[in-house]
Each structure stands twice: as structure tokens, then as C-alpha cells.
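Please look through the structure below and follow the explanation with it at hand. The paragraphs take helix packing, the ligand, the sheets and the backbone in turn.

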Amino acid sequence: MQSLREARNVDPYPFFEQRRAQGPVSWDEGMQAWLVVGYDEARFVQLREDLFRHPYAGIAGAADVYGGPRGVLLLQGEQHHSVHNFLLKHFTPMRVAQYRSEFIADLVSRRLDALGGRTNVDLAAEYASVVPSDVIAAMLGLDWRNEELMAQCRVWNNTMFRWTETFGDDDAAYEAARSAAQNLNDVLLPVIRERREHPKDDLISILYHKGDGLLESWGEDDVLAQARVLFFAGTDTTGHFLKNTIYLLVEHPEYQDRLRGNEQAIVDFGEESLRFFAPVQFRIRVATQDVELGGHTIREGDRVHPVNAAANRDPHHYGQPEDFTVDRPNVKDHLAFNVGPRYCVGAALSRGEEIEVVAQLLDRYRNITWDADADPPTNYGYMPRSFSPLNVVVEPIAHRSA
Ligand code: HEM
């Protein structure tokens, strides 16, 4: 492989090591961009938005796709800071602990109940891919019980991610994303209008009624923009995280007994999963001025990709980075959720989902193994990626199946 551009649906890690041999930063001709594979350098790029700006606001069509120019992804500077911090307050670890007992645990067990007594299942399609949209839809106040609607929303959110991967260069992907965005607006707007008149305790009501003052003349469009980003960011990404984590659990079966009933071990396993297979592999930045980085001069206007998936396996930062092990002293300092001003708003939420998903899976089943008669997992995706399908054979644990 010569360029990151060729990494779709194939294992990208050998390519990352090829680039690492050229240093922590190198030019990718196919991408027409700098790839940053060193841990310290990738961290620096994402911490220093003054030197490496977040470029979405400048990509033609981004406002249409992401729900409006005042969504958190497109905002810059003080305005960004204000909305980002407001959102973070509703996704703190403490809040997420509360959400877990209030509704996440129930949503997860409902998906396991739906598997019935079957012992051959695809844990990607029927479990890991569907829990995150249930959760974020329930938080926003959408009709998460409507299976057909949720399935459509997953496709629409995913279509938007496909366009993100083109950096605004692909007209067909843009048209598909714009139409998906319109469909999502049509789902969200009636709920937003209803909550304006009759607030409940969901996120859309909170955004409407407590967001006032975050930006000048805060209104319906601003609520729509944030809700669109949360729905999109909360669906696809966490699905990839959960799929990777279940994949690792089947690939490393010795962990199944070790994690059962042990929440701290499940937390550590999730962190190592995020390090080992970053669900969002790389990000996009543009240099605001000439900057020295990793022995190169990055010119003003150059595109730069911090490749967090590669940084997470930097041997200068991690001992034996190619080994999957939960016993690392620095298991939590990976870059999967980014760092700095664009730190992921939903990091604690997706961690909470991982705990419930793994804990409940192991509470119901033991000896989860690959189903030799069904399609094996493949490494699919590009910027966000994971393993799918996850066709497994499970052995129900008696106390649950009784
Ligand atoms: C494992 C799951 C997830 C991963 C790996 C992930 C990863 C990321 C990354 C890498 C960024 C930085 C984007 C950038 O630099 O341009 C980000 C931002 C963001 N994430 Fe997540 N995310 C996950 C789950 C979620 C969830 C569940 C939500 C919502 C509830 C969410 C909401 C956001 C938002 C709103 C931002 C934008 C922050 C900003 O621009 O200020 N994410 N996420």
C-alpha cells in the first residue's frame, strides 16, 4: 500500500508501520496530506488548534450535511468552547453512571432478549451496531422503539460519515450526504418543535431550554445543529468501538472468564480495545502557518492527518504496542477520543455503553467462539472502522436461560 487512501476495507496497520519507519511525520502523495503517526506529534497537532485548525467550517457543503453552521463541529474559538463545554456537562462520567441505571442497562438487555434462545448469532448486526443508536435516540427523546426508523437513521448517519471521509471532494458522496441530512432534519425538527412547547427531561428539551445564551439568539436551528451532531457522532463511532471490543473478546477467549462480573477489568479491556483498534482512525487538520513538526516544515494551508490509530501503537510511548493486553500501566492515555479542544463529547457515554454491553453479554453467555459455518469477520471501513460480521456460537449460562 502506498497511501492511506488505499486503506479502505483492509488491515491498515502494516501500512502505519511502513510510515513509522519514515519517521513520526511524512508526506502521503495519494492523500496530498501529512500523516502524523507519532504519539507525541499527533497529540500536539490536536492540542494546538491555533497552529492546526479544525477545517470543517471551511469545507463547502459541511453546514448542510452537519445540520447548520452553528453545530459544535463547525464552530470555532469562543463560540466552539461555549457549546462544547455545555454539551460535555451532559456527558460526564457521573451523568453516564446515572444514565446506565436509568435506561442504558435496559436498552442493552432488551437487545440480548431479542436474540431469544438462539446460539448462532451475528453480534455485530444484532447487538453492537444497534445499541448505540438506541441509547443516543433515547437520550435525545426520539422514538427509539421504532425499529424501521432507527435502521434508516443509522444508514443516514453512516452516509454522512462516508462524505466526511472524502474531505468535500466527491460530488456523489455530497449529494447522498445532503439528502441523508435532510431526512434526519425531518425526523428531528418535529420533536424539537414539540419540546419547545412541552419540554421533557430529554436532551432536545435541555438544548432548547437551557442552551439559551450559549450563542447569540439561540433558537431552533441551533438545537437542530447540536442534536444532529450528537445523533451522528453517537451512533456510528460507538458501534465500531463495541464491534472491535467483542471481536477482541472472541479472539482472546481467555479474557471471557476474567471479565465476567469484574467491572474494572471490563473498563480496562475497553481502554485497550480503543488503543489497539481506534474506532476513528484519523482526523483532519489544516496548518494555519508554517510549523516545524517531526523534522519537517509543514506549510501554511497544508492538510495534516493525525493518525490516532497509528499513534496508539507508537513504540516510543507503549511497550510492545502490537500486543493486546489490559495490564498496561498507561492503558487509558490513548488518543482514540482525541485530546484538547475537540475532545470527544461522548467519550464517557461510549465507555458506559461498553461496560453494559460486555458485562451483560458475559453474564448471559460463556465460551463465545467464532461460528465456523458462517462468514468470518472482516476489517471494514476507512476513517471509522471495525470488524464485521461477528458470527459467533454462544453457550447460554444456565441461570440466565432458565
Ligand atoms: C467510541 C466511540 C467514539 C469515538 C472513538 C469518538 C471519537 C471522537 C473523535 C476522535 C473526535 C474528535 C473529532 C475531531 O478532531 O475532529 C470526537 C468528537 C466528538 N464526539 Fe466522539 N467519539 C465516540 C463517541 C461519541 C459519542 C457517543 C458522542 C455523542 C454522544 C460523541 C460526540 C462527539 C462530538 C459532539 C464531538 C465534537 C467535539 C467538537 O468538535 O468539539 N462521540 N469524537
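In this predicted model, H11 packs against helix H13, residues 263-276, at an angle of about 110 degrees, and the two axes are 9 Å apart. That angle makes H11 roughly perpendicular to H13, because angles from 65 to 115 degrees are put in that class. On the H11 side, the contact is made by Phe-241, Asn-244, Thr-245 and Leu-248; on the H13 side, by Phe-269, Gly-270, Ser-273 and Leu-274.

Two packed helices are described by the angle between their axes and by the distance between the axes.

H11 also meets H15. The axes of H11 and H15 come within 10 Å and cross at roughly 40 degrees. H11 and H15 are therefore oblique to each other, and their crossing is right-handed. From H11, the residues involved are Gly-234, Thr-237, Thr-238, Phe-241, Leu-242, Thr-245 and Leu-249; from H15, they are Leu-349, Ser-350, Glu-353, Glu-354, Val-357 and Val-358. The contact of H11 with H15 divides into six nonpolar, five polar and two charged residues. Phe-241 and Thr-245 of H11 are among the residues in the contact with H13 and also among those that meet H15.

How many residues surround the ligand? There are 26, and the closest are Ala-233, Gly-234, Phe-241, Cys-344 and Gly-346. Three helices each supply at least two residues of this shell: H4 (77-89), H11 (220-251) and H15 (347-364). The largest share, seven residues, comes from H11. By class, the shell has 16 nonpolar, eight polar and two charged residues. Gly-234 and Phe-241, which are among the closest residues to the ligand, are also among the H11 residues that meet H15.

A further helix pair is formed by H9, residues 171-197, and H10, residues 203-210. Their axes are 9 Å apart, and the packing angle is about 60 degrees. H9 and H10 are therefore oblique to each other, and they cross in the right-handed sense. Here Val-191, Ile-192, Arg-195 and Arg-196 in H9 meet Ile-204, Ser-205 and Tyr-208 in H10. Four residues of the contact of H9 with H10 are nonpolar, one is polar and two are charged.

The next topic is the strands. Strands of a sheet pair through backbone hydrogen bonds, either parallel or antiparallel. E3 pairs with strand E5, residues 285-287, in the antiparallel sense over two bridges. The bridge partner of Phe-52 in E5 is Ala-287.

Another open sheet has three strands in the order E4-E12-E9, with antiparallel pairing. Which strands stand at its edges? They are strand E4 (120-122) and strand E9 (365-370); each has a single partner strand, so one side of each is left without a neighbour in the sheet. From one strand to the next, the twist averages 35 degrees. E9 and strand E12, residues 391-396, pair in the antiparallel sense over four bridges. Arg-366 stands opposite Glu-395 in E12.

Two details of the backbone remain. Most residues other than glycine have a negative phi, and most peptide bonds are trans. Asn-9 is not a glycine, but its phi is positive, near 60 degrees. Asn-9 lies in the segment before helix H1 (13-20). Ser-388 and Pro-389 are joined by a cis peptide bond, with omega about -10 degrees. Pro-389 lies in the loop between strand E11 (385-388) and E12, and E12 is one of the strands of the E4-E12-E9 sheet.

Note on methods
Residues are numbered from 1 along each chain as its sequence is written. This is a predicted model: local features need pLDDT of at least 70, side-chain atom pairs count only at pLDDT 80 or more; totals for chains, interfaces and linings use all residues. A residue is near a molecule or strand if its C-beta atom, placed from the backbone, lies within 6 Å of it. Ala, Val, Leu, Ile, Met, Phe, Trp, Tyr, Cys and Pro count as nonpolar, Asp, Glu, Lys and Arg as charged, and the others, Gly among them, as polar. Axes are lines fitted to C-alpha atoms, for helices over the stretch in contact, and angles run from 0 to 180 degrees between N-to-C directions. Angles under 35 degrees count as roughly parallel, over 145 as roughly antiparallel, 65 to 115 as roughly perpendicular and the rest as oblique. A crossing is left-handed if the near helix is turned anticlockwise from the far one by less than a right angle, and right-handed if clockwise. Two residues are in contact if their C-beta atoms, placed from the backbone, lie within 7 Å. Two strands pair if DSSP finds at least two bridges between them.
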